[in-house]
Amino acid sequence: MKEKLPSQKKNKSFIEESKKSIAYLQKREEFLSRIFENEQMLIVVWALDGRVVWFNRYTQAVIGIAVEEQTERIDVSSIIPRDTISRIKENLDDIGYKGIHYKCENPMVLKDGRQIYIMWHNSIIWDDEGNRYVVSTGIDITDLKNAERRLEEANNNLVALNEELMAQQEELSAMNEELMAREEELRQNLIEIQRQQEELKRSEERYRLVVEGASDGLWDWDLITDTAYISERWKDIIGFDKEVISNYRETWTKFIHPRDVKTVINNLRNHLEKKTPFYLCEYRIKTKDGRYIWILSRGKALWDEDGRAIRMAGSHTDITERKQMESKLKYMAFYDPLTGLPRREIFMDRLKIAMADAKRNGKKLAVFFVDLDNFKTINDSLGHHIGDRLLKKIAKKLKACLRESDTVSRVGGDEFVILLPDIIDMDDTNKVANRILELFNQPIKFNNHELHVTISIGIAIYPDHGKNERVIVKNADIAMYRAKRDGKNGFQYFDSITRKEVEVASTIRRDLRLALEKGQFFLCYQPLVDIRTGKVTSMEALLRWQHPKKGLISPIHFIPIAEETRQIISIGEWVLRAACRQMKEWLNMGYSGFNVSVNVSVHQLQQPDFAKVVFDILNEIELEPRYLELEITETILIEAMETVVRNLYRLKEVGVKIIIDDFGTENSSFKYLQKFTVDGLKIDRSFVSEIKVEVNKAIVDAIIFLGHRMKLGVTAEGVETKEQLDCLIESGCDKVQGYYFSKPLPPDEAIRMVQKESNYFIFNAWRNRI
């Protein structure tokens with residue numbers, strides 16, 4: 001046998017060593033493979049194109065990869081979140097051997113629906129050919145995330161509980177402070193009650209002396225025991241046997257007039273419930289002789305610490321005489337003293353109600369406007385006393401031919417209006433009109449006088465001739481003038497013949513819209529003269545309209561339309577500004593000692609910013625408020641809304657004077673004179689024009705007496721004759737205004753009245769009277 005060469009021996013040894021090495025490496029690879037396959041960790045090797053090269057069994061089990069799926073067909077995005085893949089690709093150059101961690105904050109949803117959280121570590125490897133692969137290892141941190149969430153929830157609950165405990169502690173602390181404050185308040189109230197009781201005890205004797213010396217009736221009512229003390233004088237007036245009265249509420253109520261009981265109870269309740277600062281009530285009480293007297297009851301309650309009224313004291317004042325005077329003046333305001341017929345205001349109220357009823361029930365009504373023919377001739381030839389007696393008889397005749405549901409009212413010297421509600425057709429009104437005319441066919445006898453009197457009647461039907469009460473009366477008045485034009489002693493309906501007047505009014509309404517814009521208005525001024533000194537105390541600004549085609553239009557024709565269309569608001573503001581500017585001009589010329597007076601519409605006063613408008617005008621012109629007087633009617637006071645009241649008070653506060661114009665022509669109510677502080681009254685010209693008539697003289701005297709008792713200046717307007725002036729001087733009137741002194745004048749002529757210093761004839765007339 002041939003002996004082997006050394007080189008052969010060497011090769012054989014190398015092959016055996018290589019086999020051993022390969023075997024060793026295979027065993028080591030199998031060993032490492034078993035480690036990676038069984039490690040509780042996701043291991044994925046993938047190429048940068050997204051192809052999965054290899055993954056371990058744990059990854060297959062967790063992700064849910066089917067066994068039969070080929071590794072190369074699995075995209076890495078089905079295992080690793082896409083945002084992680086994107087970040088790895090973006091940071092390939094920075095990863096190197098240090099790798100990159102990514103903690104998935106959003107759960108990974110598996111095929112079986114479970115949600116898990118994986119934290120991935122990624123590193124780059126290269127093969128022999130230089131291809132790069134990513135080795136991603138993932139750890140399931142779901143339990144850790146759940147533990148973190150539970151810990152966070154527990155922490156949040158602890159924080160919320162701590163905040164709740166702190167809030168409760170603060171609430172308990174506040175309640176403790178409140179209890180301590182209440183305890184101190186109660187202690188102070190107790191001290192105050194004890195002090196008041198001691199004070200009451202000390203003043204008891206002084207109080208009794210006051211009671212015995214007072215003319216008013218004093219009373220002290222213990223609300224707990226319902227017993228009351230009544231002063232000696234009033235005990236005798238009412239007829240009580242003793243000064244201390246038990247069961248006072250029920251006992252005193254028996255003496256109150258039945259119609260006043262509800263008013264007394266309501267006023268008393270309002271005060272005891274602290275709705276009013278004082279108890280104040282006017283009512284009638286029965287005296288021991290069976291008659292009723294009017295009293296003004298005033299008082300104030302005392303409450304304990306629980307807010308319960310325990311005592312009330314006050315006084316009773318006999319106001320019977322004042323009430324009788326008010327009642328008389330009220331009657332004179334609501335009813336014509338000569339004929340006893342309702343005045344215009346009552347008629348208009350009834351007409352308004354009747355129109356509402358007619359509208360609701362689909363019926364009609366009629367208004368007659370009746371005027372005596374040639375009455376002025378009778379007055380002038382036979383005297384006012386015969387004229388007054390004639391008016392009384394005519395009033396009776398008119399009432400005699402009407403139904404109880406009808407209303408007849410005297411609205412002027414010889415003018416009457418009649419309301420016929422619930423008519424069917426014109427036959428009804430024809431019958432009534434003819435019946436009235438027949439009453440005047442026979443002469444009216446007065447002692448040795450036989451008077452043949454005729455009348456003219458105008459008729460307007462609702463709703464045919466108007467939709468509101470003022471239009472109906474106005475149209476009846478227009479129809480009456482048509483009856484007079486047609487020969488008097490007859491009646492006419494408002495119809496197409498009288499429509500001309502309506503058309504004229506319509507034209508005025510149309511042109512009025514542009515009058516202010518085109519500067520067609522101007523002001524005249526009529527002086528108000530002091531009777532004692534003859535000096536001008538005020539200039540009343542009176543609006544005039546110079547129409548480019550119709551010439552001068554009287555305010556009588558356009559002011560009512562301006563009121564109706566509410567253009568009076570802008571027109572009134574223009575008048576205010578023009579009058580104030582003129583007053584400032586007069587002051588700059590050196591004239592003083594008088595004011596400027598401006599009439600104000602209720603529509604202006606109803607504007608919330610009216611007072612501000614006046615203030616702005618005064619500031620703009622730099623005129624002191626004391627130089628401005630605003631004239632308002634009684635209707636504005638009576639129908640005053642909250643806005644009107646607020647405007648009047650604001651104007652009064654800065655010094656603007658408020659004058660009640662046409663006093664005595666509306667529903668005068670003296671409680672409004674108590675409610676509003678005014679600076680003067682103006683007697684309406686209708687009373688002045690017939691002041692020689694006894695009843696009108698009585699009304700003028702009453703108004704002047706009332707004004708002076710209330711410390712108000714009284715002005716009479718419409719003075720046109722010396723006889724009227726003499727009567728006003730005799731009645732004690734303060735100021736006069738009218739054509740007897742001056743007609744309304746342009747500014748440059750009006751100021752001459754001031755330049756004269758005084759009207760000598762007025763001063764002499766007054767001096768001759770005293």
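These numbered points go through selected features of a predicted model.

1. Strand β14 (residues 364-372) and strand β19 (residues 455-462) are joined by 8 bridges and pair in the antiparallel sense. Within this pairing, D371 stands opposite S456 in β19.

2. Helix α10. This helix covers residues 344-361, which is 18 residues. From its first C-alpha to its last α10 reaches 25 Å, close to the 26 Å expected at 1.5 Å a residue. Which residues of α10 are buried? They are E345, I346, F347, M348, L351, A354, M355 and A358. An α-helix has 3.6 residues a turn, so residues three or four places apart point the same way. The buried residues of α10 pack against the helices α9 (320-334) and α14 (469-485), and against the strands β14, β15, β16 and β19. After α10 comes G362, with a positive phi near 70 degrees.

3. A cis peptide bond. The bond from Y462 to P463 is cis, and its omega is near 5 degrees. P463 sits in the loop between β19 and α14.

4. Strand β27 and its partners. Strand β27 (residues 680-683) is joined to strand β26 (residues 657-663) by 3 bridges, and the two run parallel. I660 has L681 in β27 as its bridge partner. Strand β28 (residues 713-717) also runs parallel to β27, with 4 bridges between them. Here A716 in β28 is the bridge partner of I683. Which residues of β27 point the opposite way from G680 and K682? L681 and I683 do, and all four residues are buried.

5. Nonpolar cores. The largest nonpolar core has 85 residues. Those with the most contacts inside it are Y525, F594, L628, L630 and L728. Helix α17 (residues 568-588) gives the most to this core, with 9 residues. A second, separate core has 37 residues, among them L372, L437, I455 and V693. In soluble globular proteins, nonpolar side chains tend to be buried together.

6. A buried threonine. T59 lies in helix α2 (residues 57-63). Is T59 buried or exposed? It is buried, because its relative accessible area is 0%, and the cut-off for buried is under 20%. The side chains of T59 and N56 are joined by a polar contact of 2.5 Å. Leaving aside residues up to four places away in sequence, T59 touches M41, L42, I43, V44, G64 and I79.

7. Positive phi outside glycine. E622 is not a glycine, yet its phi is positive, near 65 degrees. E622 is in the loop between α19 (610-621) and β25 (628-633). E622 counts as exposed because its relative accessibility is 61%. K711 is not a glycine either and has a positive phi of about 60 degrees. K711 is in the loop between α24 (694-709) and β28. With 75% relative accessibility, K711 counts as exposed.

Terms used:
Residues numbered from 1 in each chain as written. Predicted model: local features only at pLDDT ≥ 70, side-chain atom pairs only at ≥ 80, totals over all residues. Heavy atoms only, no water. Buried < 20%, exposed > 50% of the residue type's maximum accessible area, 1.4 Å probe, protein only. Pairing = 2+ DSSP bridges. Core = buried A, V, L, I, M, F, W, Y, C linked by side-chain atoms within 4.5 Å. Expected span 1.5 Å × (residues − 1). Contact = heavy atoms within 4.5 Å. Polar contact = N/O pair within 3.5 Å; in protein donor to acceptor, adjacent residues only side chain to side chain.
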